[in-house]
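This report describes one structure, shown below.

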Amino acid sequence: ENSDYILYVNDILGNEEGAKYIIREPLGAGTFGQVVKCQDLRTGATVAVKVVKNKPAFHQQGLFEVQVLRYLNERHDPDDTRNILRLLDAFVFRGHLCLVFECLSVNLYELIRQNRYQGVSTNLVRVLAAQILDCLVVLNEARVIHCDLKPENILLKRTDSAKIKVIDFGSACMEQQTVHTYIQSRFYRSPEVLLGLPYTAAIDMWSLGCIVIELFIGLPLFPGASEYDQLSRIIELLGLPPVYMLERGKQAGIYFARNDDPFSTNKYRFKPREQFARESGRTEAPSRKYIKGSTLTEVVMGYPMSSKLTTPEQQAQERMRRAALVDFATGLLHINPLQRWTPRQARSHPFITDEPFLAPFTPPTDRPSASSLHPRHASIDGYATYSG
Ligand code: ATP
Ligand code: MG
Ligand code: MG
């Protein structure tokens with residue numbers, strides 16, 4: 001049955017406290033509810049209102065989204081400079097939780113689609129990645145994991161700008177409370193989550209690695225049709241996970257078996273599709289591969305060059321930027337979360353700083369964040385869920 005509130009243009013969303021928002025047009029929809037463009041009848045401002053489905057699980061998650069946004073906005077980004085969505089108001093209307101946000105423009109998936117799935121320039125990838133990293137640095141300080149980073153959840157502020165905001169904290173969690181195991185949208189799901197290991201903020205960095213390559217080539221890097229297919233694509237491009245992940249991951253046994261090949265140095269092997277399907281009882285369609293290249297280097301360096309780059313100098317500069325992009329993405333796409341770069345480390349990569357890329361980057365050791373030294377600074381307690 002449907003738990004969405006039926007929304008009509010010119011209807012008014014409001015509460016007893018006098019909040020009044022008139023619906024202008026639909027902006028989007030997701031698993032949690034619908035988002036509509038509204039006008040605040042008290043101030044005249046244009047806002048976006050997310051009307052959450054009235055099922056208890058969605059309502060609960062919505063309350064947490066309010067709490068986490070208040071905490072991030074007020075405590076960790078008071079000047080609104082770190083590319084995190086602003087929450088302006090929240091109330092309950094006819095049993096539906098309504099979240100009032102600043103109104104933004106199209107999401108990055110829409111941007112890729114408008115670009116006819118051809119990808120954006122290395123320079124635009126850099127500008128976008130730098131802003132997402134800025135947000136992730138703040139999330140690290142606040143001890144928050146986004147858990148659903150993907151192009152649909154990154155929005156341009158305006159159509160004519162390269163400025164973005166990260167949205168949709170409806171799946172977010174605190175680092176010390178990683179209770180859910182079924183998280184992240186499949187294409188952007190990290191190996192540790194797929195394998196059923198405990199996870200950390202590093203899962204957002206994996207998603208970012210997938211996103212930067214997708215922005216560049218215009219298509220998802222790992223478009224898995226199932227969890228098995230997702231893992232299989234990751235392994236095909238990046239190799240087998242380290243043994244500790246296979247021995248400690250709660251789901252690893254359904255995808256991997258001990259390797260009985262005496263000539264192999266690998267202790268475990270990835271089960272072939274047929275074996276996995278037979279043992280799990282799940283039908284597995286054969287994987288359709290459309291990414292050109294069997295390594296990240298081939299995928300990125302082999303991508304057709306824009307005809308706008310005509311001189312040898314321009315082409316050489318583009319090749320250097322692409323080499324930097326490969327090195328940057330490699331640091332984010334370490335299968336082992338312990339080796340994956342942190343947002344602060346990634347931020348000083350030459351791809352982001354736009355310095356000449358001369359040799360593979362060795363990140364500086366990350367210092368512990370202020371909040372991990374002062375845990376009370378990273379507490380969400382005391383942040384109200386909604387007014388009224
Ligand atoms: P998901 O299925 O990813 O969990 P969701 O139900 O949690 O989605 P959101 O991601 O918050 O909902 O919003 C759904 C879509 O609505 C976004 O992808 C975006 O296109 C649009 N949208 C959300 N917030 C805004 C905003 N502040 N301004 C403009 N459009 C927005
Ligand atoms: Mg979303
Ligand atoms: Mg969501």
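## Annotated site and domain

UniProt positions are given in the numbering used here, feature names are shortened, and annotations may be inferred rather than shown by experiment. With that in mind, an unreviewed UniProt entry places the feature "binding site" at Lys50. Lys50 lies in strand β4; strands (E, at least two residues) and helices (H or I, at least four) are DSSP runs, numbered from the N terminus. Is Lys50 buried or exposed? Lys50 is buried, because 26 other C-beta atoms lie within 10 Å. A residue counts as buried with 20 or more other C-beta atoms within 10 Å of its own, exposed with 12 or fewer, and partly exposed in between, the C-beta atoms being placed from the backbone.

The unreviewed UniProt entry also carries the annotation "domain: Protein kinase" for residues 21-352. Over residues 21-352 the chain is 40% helix and 16% strand, with the end C-alpha atoms 40 Å apart.

## Model and numbering

This is a predicted model, in which local features need pLDDT of at least 70 and side-chain atom pairs count only at pLDDT 80 or more, while totals for chains, interfaces and linings use all residues. Residues are numbered from 1 along each chain as its sequence is written, and chains are lettered from A and ligands numbered from 1 in the order in which they are written.

The protein averages a pLDDT of 94, and 96% of the residues score at least 70; pLDDT is the predictor's confidence in each residue, from 0 to 100. For the complex, the predictor gives an ipTM of 0.98 and a pTM of 0.95.

## Shell around ligand 1

Around ligand 1 there are 21 residues, of which Gly28, Gly30, Phe32, Ala48 and Asp168 come nearest. A residue is near a molecule if its C-beta atom, placed from the backbone, lies within 6 Å of it. Strands β2 (20-29), β3 (33-40), β4 (46-52) and β6 (96-102) each supply at least two residues of this shell.

## Overall form

The protein has 14 helices and 12 strands. Its C-alpha atoms fill a box of roughly 75 × 55 × 45 Å, taken along the principal axes. Buried residues make up 38% of the 388 residues.

## Helix α5

Helix α5 covers residues 202-217. Its end C-alpha atoms are 23 Å apart, which agrees with the 22 Å that its 16 residues should span at 1.5 Å a residue; the expected span is 1.5 Å times one less than the number of residues. In α5, 16 of its 16 residues are buried. Gly218 follows α5 and has a positive phi, near 85°.
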